[in-house]
Amino acid sequence: MLNVEAIPALKDNYIWAIVRGEHCVVVDPGEAAPILSWLAQRKLHLSAILITHHHGDHVGGVPALLRHGRVPVYGPANEAIACVSHPLSDGMQLELPAIGATFEIFEVPGHTLGHIAYYGEGLLFCGDTLFACGCGRLFEGSPAQMHASLQRLAALPGETLVYCTHEYTLDNIAFALSVDPDNAQLHERAALEQAKRAQGLPTLPSTIALEQATNPFLRCHAPALRQAAEAYAQRPLHAEIEILGVVRDMKNHF
Ligand code: ZN
Ligand code: FE
């Protein structure tokens, strides 16, 4: 069985460790020290590193990890990341025999232009694209790109487990409630996630079904989101992409 565990790192990052037997693969190692002590404690071997995009909090730990042992480093072909040994692009199948897993590569531009996500075995590692109840900031891409990327992820099976990189969930929910105040499932989720954080537990993974029901960036078709975005923009908005752009802007200033 595949097991996915969270290694907390930096301020609010999770480095996801995908484990089978004594082998493990880590996703977005922003720093090395917590991984190295976790591997030693658990007596596990690192077999590969997966990278979603070029930001320092996702790649910063790679050089130090490689000093402890050469392993393949997979990452986006469309971003210049010095440590990536195996560039990946859309539609490729990544086989990881050490953990007996295969992932399909999705290019999901928006947060950065070359950002990729890894999907397989019922798991989605989506970096800073789809967050629990939110999405990544548009540092490089356009609202249209983020919209297309999010819609592609939202089309995955509802039970898919969503592993994003940051514990932003409670802040995201506070914002979501301000733009989607009558969403009963969102209120329910707020209580559940607050209880998890009060116990010091991660709110992740989420599921695609839960995100579809509660994530404002997947709900730009809903009347509540259109109303909130139009009130903020003070003009009528016609396309879902426009609504997403305005809602992203509202979140930046929330
Ligand atoms: Zn990022
Ligand atoms: Fe990040």
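Author: The dialogue below treats the metal site and then the nonpolar cores. This is a predicted model, in which local features need pLDDT of at least 70 and side-chain atom pairs count only at pLDDT 80 or more, while totals for chains, interfaces and linings use all residues. Residues are numbered from 1 along each chain as its sequence is written, chains are lettered from A and ligands numbered from 1 in the order in which they are written, and side-chain values use heavy atoms, with hydrogens and water left out.

Reader: Which residues are the protein donors of the zinc ion (ligand 1)?

Author: Donors are N, O and S atoms within 2.8 Å of the metal (3.2 Å for Na, K and Ca); water is not among the atoms, so sites may look incomplete. Here His53 (NE2), His55 (ND1), His111 (NE2) and Asp128 (OD) lie 2.2 to 2.3 Å from the zinc ion (ligand 1). Asp128 also bridges to the iron ion (ligand 2), the two ions lying 3.2 Å apart.

Reader: Is His53 buried or exposed?

Author: Buried means under 20% relative accessible area, exposed over 50%, and partly exposed in between (1.4 Å probe, protein chains only). His53 is buried, at 0% relative accessibility, and His111 is buried at 4%.

Reader: How many residues has the largest nonpolar core?

Author: Such a core is a set of buried Ala, Val, Leu, Ile, Met, Phe, Trp, Tyr and Cys residues joined through side-chain atoms within 4.5 Å. The largest has 56 residues, and Leu153 is among those with the most contacts inside it. A second, separate core of 23 residues includes Ala17 and Val62.
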